[in-house]
Amino acid sequence: MPDRLMLLDTASLYFRAFYGVPDSLKRADGTPVNAVRGLLDMIARLVADFEPTHVVACWDDDWRPHWRVELIPSYKAHRVEEVVPGGPDVEEVPDPLEAQVPMIREVLGLLGIPVVGVAAHEADDVIGTLATDAGMPVDVVTGDRDLFQLVDDDAGVRVIYTARGMSRLELVTDEWVVAKYGIEPSQYADFATLRGDTSDGLPGVAGIGEKTAAGLLGEFGSLDAMLVVASGDPDVTDAAPRMSATMRAKLAGAHDYLAVAPTVVNVVRTLDLPSADELGARLAPVTGDARAAIESLADEWNLGGSVPRVLAALDRT
């Protein structure tokens, strides 16, 4: 089997599992296990259907890095439970889910799936770096459309998009992005900057929605190019496509935002990370003490059939 790396946007998946699996599923002490069960079933399905040889669980060591917040203070502000000066802010997470996060890390470790995070960075940045430096085809599993910026047919990077649920997964390629948005994946970060994203607290440019953003990128190619034209520099505007006075005014009105937003929206691709093999990401059957431990937890934590299913999927790797 040729090598293929699967990068899990872990928080995206366990949030989806938490809300998609009944919270009546609990272990003996009353702690919910719905997110643990759901995530294990997701991994079993993904490994069986997409046949990765390597899997990394990418982690938010800082879900709202201060360097991004300093540039755009509204970034994810609506999801903050507590501001922590000098450290990662506390995200608003339902208590029944928060109790399961250590359990999730424990079962991932027993399955031999490395959990990888980097201080002051989001899982998106870990994914961006590992996808860029993989040296093999990559599947990014996420419900976050921000990661469409990584899609690259030539590099073998695609997104397995979970937003519609595990029974309706979408395989995002160059063609998919073009058909959906009318832009190339390499333009997606500029597109998101212009359009904005209320779920991340990004205001976008007033008066520019998806269709207008796509049209501008189709005409000018990039945000940098359209800002040069909007500036009215005669050295470039004579040879460049025309821009209406109204559009120039919209871009000028968002000057301060546009000066910093691309740094916030673009995922980091240059973190100092080991390779997938160095991380121990190659899949293998779970054996020995690790298998005994996770089978014991299956009973102790009331994980039902999710553990046998994920073990069976790994047994076939």
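Trainee: Before we start, what does "partly exposed" mean here?
Mentor: A residue is buried when its relative accessible area is under 20%, exposed when that area is over 50%, and partly exposed in between. Please keep in mind that this is a predicted model.

Trainee: Is Arg145 buried, exposed or partly exposed?
Mentor: Arg145 counts as partly exposed, because its relative accessibility is 25%.

Trainee: Which residue forms a salt bridge with Arg145?
Mentor: The partner is Glu210, and the closest N and O atoms are 3.7 Å apart. This pair links distant parts of the chain, 65 residues apart. Arg145 sits in the loop between β6 and β7, while Glu210 belongs to helix α9.

Trainee: What about the exposure of Glu210?
Mentor: Glu210 has a relative accessible area of 35%, so Glu210 is partly exposed.

Trainee: Why do such side chains pair at all?
Mentor: Side chains of opposite charge can pair when their charged atoms come close.

Trainee: How many salt bridges are there?
Mentor: The count comes to 18.

Trainee: Now to Asp125: which residue is its salt-bridge partner?
Mentor: Asp125 pairs with Arg68, with 2.9 Å between the closest N and O atoms. Asp125 lies in helix α6 and Arg68 in helix α3, so the pair ties together parts 57 residues apart in sequence.

Trainee: Buried or exposed, those two?
Mentor: Asp125 is buried, at 0% relative accessibility. Arg68 is buried as well, at 2%.

Trainee: Which residues are linked with them in a network?
Mentor: Lys76 and Glu122 are linked with Arg68 and Asp125 in a network of salt bridges.

Trainee: Last topic: where does Asp29 stand, buried or exposed?
Mentor: Asp29 counts as exposed, because its relative accessibility is 52%. Its side chain meets that of Arg27 in a salt bridge, at 2.9 Å from N to O.

Notes:
Residues are numbered from 1 along each chain as its sequence is written. This is a predicted model: local features need pLDDT of at least 70, side-chain atom pairs count only at pLDDT 80 or more; totals for chains, interfaces and linings use all residues. Side-chain values use heavy atoms; hydrogens and water are left out. A salt bridge is a side-chain nitrogen of Lys or Arg within 4 Å of a carboxyl oxygen of Asp or Glu. Buried means under 20% relative accessible area, exposed over 50%, partly exposed in between (1.4 Å probe, protein chains only). Helices (H or I, at least four residues) and strands (E, at least two) are DSSP runs, numbered from the N terminus.
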